[in-house]
Amino acid sequence: MDRTELLRRRCRHLEQAASEAEVAAALAILTDWAIDNSRLVRTFRFADYHQTLAFVNAMAEVVHREDHHPELVVTYNRCIVRYDTHSVNGGKGGLSENDFICAAKIDEVFSQTSFAS
């Protein structure tokens, strides 16, 4: 799997979590993301609140289309995005392919904006 493949894929209902090997492979592609407390996390930084909110709004369209919504922490000049999939592991949650698909698509949104640094 590579970034192009992740961008082509669509999120779907999943019940099985990603394996450790799948997580490691995804992190090799999604180099700006990390695992923190069993979630896929990235912090995006901006010049000001206006740019932060513009990014959040652009990202919202993507995650709504995929129907896989992250936890967001929005401050003046940054947005922390946290992903996990609640339906996997018998409803206990964990990481799934959907998290990696959305992470790649969010990276794409960020890279296509004028405020990406």
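I'll start with a network of salt bridges that links E5, R8, R9, R12 and E97. By salt bridge I mean a side-chain nitrogen of Lys or Arg within 4 Å of a carboxyl oxygen of Asp or Glu. This is a predicted model, in which local features need pLDDT of at least 70 and side-chain atom pairs count only at pLDDT 80 or more, while totals for chains, interfaces and linings use all residues. Residues are numbered from 1 along each chain as its sequence is written, and side-chain values use heavy atoms, with hydrogens and water left out.

Helices here are DSSP runs of H or I with at least four residues, strands are runs of E with at least two, and both are numbered from the N terminus. E97 is partly exposed at 22% relative accessibility, and R9 is partly exposed at 24%. The classes are buried under 20% relative accessible area, exposed over 50%, and partly exposed in between, with a 1.4 Å probe and protein chains only. The count for the structure comes to 11 salt bridges.

Next, the sheet. It is open, has 4 strands in the order β1-β2-β4-β3, and its pairing is antiparallel. Pairing requires that DSSP finds at least two bridges between two strands. β1 (34-36) and β3 stand at the edges with a single partner strand each, so one side of each has no neighbour in the sheet.

Strand β2 (residues 39-45) pairs with strand β4 (residues 78-83) over 6 bridges, in the antiparallel sense. R42 stands opposite V81 in β4.

Which residues form salt bridges with E71? One is R39, at 2.9 Å, N to O. E71 lies in strand β3 and R39 in strand β2, so that pair ties together parts 32 residues apart in sequence. Another is R82, where the closest N and O atoms are 2.7 Å apart. R82 lies in strand β4, so the pair with E71 in β3 ties together parts 11 residues apart in sequence. E71 is partly exposed at 34%, R39 is partly exposed at 25%, and R82 is partly exposed at 22%.

L72 comes up again on the surface. Y49, L53, L72, V74 and Y76 form a nonpolar patch there, with about 430 Å² of accessible area together. Helix α3 (49-66) and strand β3 (71-74) are the elements that give two or more residues to the patch. Patch residues have over 30% relative accessible area and no salt bridge; nonpolar side chains (Val, Leu, Ile, Met, Phe, Trp, Tyr) are joined within 5 Å, and like charges within 9 Å. Areas come from the Shrake-Rupley method with a 1.4 Å probe, and for residues only the protein chains shown count as cover. Y49, in helix α3, is partly exposed with a relative accessible area of 39%.

Last, the cysteines. How many disulfides does the structure hold? It holds 0, a disulfide being a pair of cysteine sulfur atoms within 2.5 Å. For C11, the closest cysteine sulfur is in C102, 3.6 Å away, which is too far for a bond. C11 is buried with a relative accessible area of 16%, and C102 is buried with 0%.
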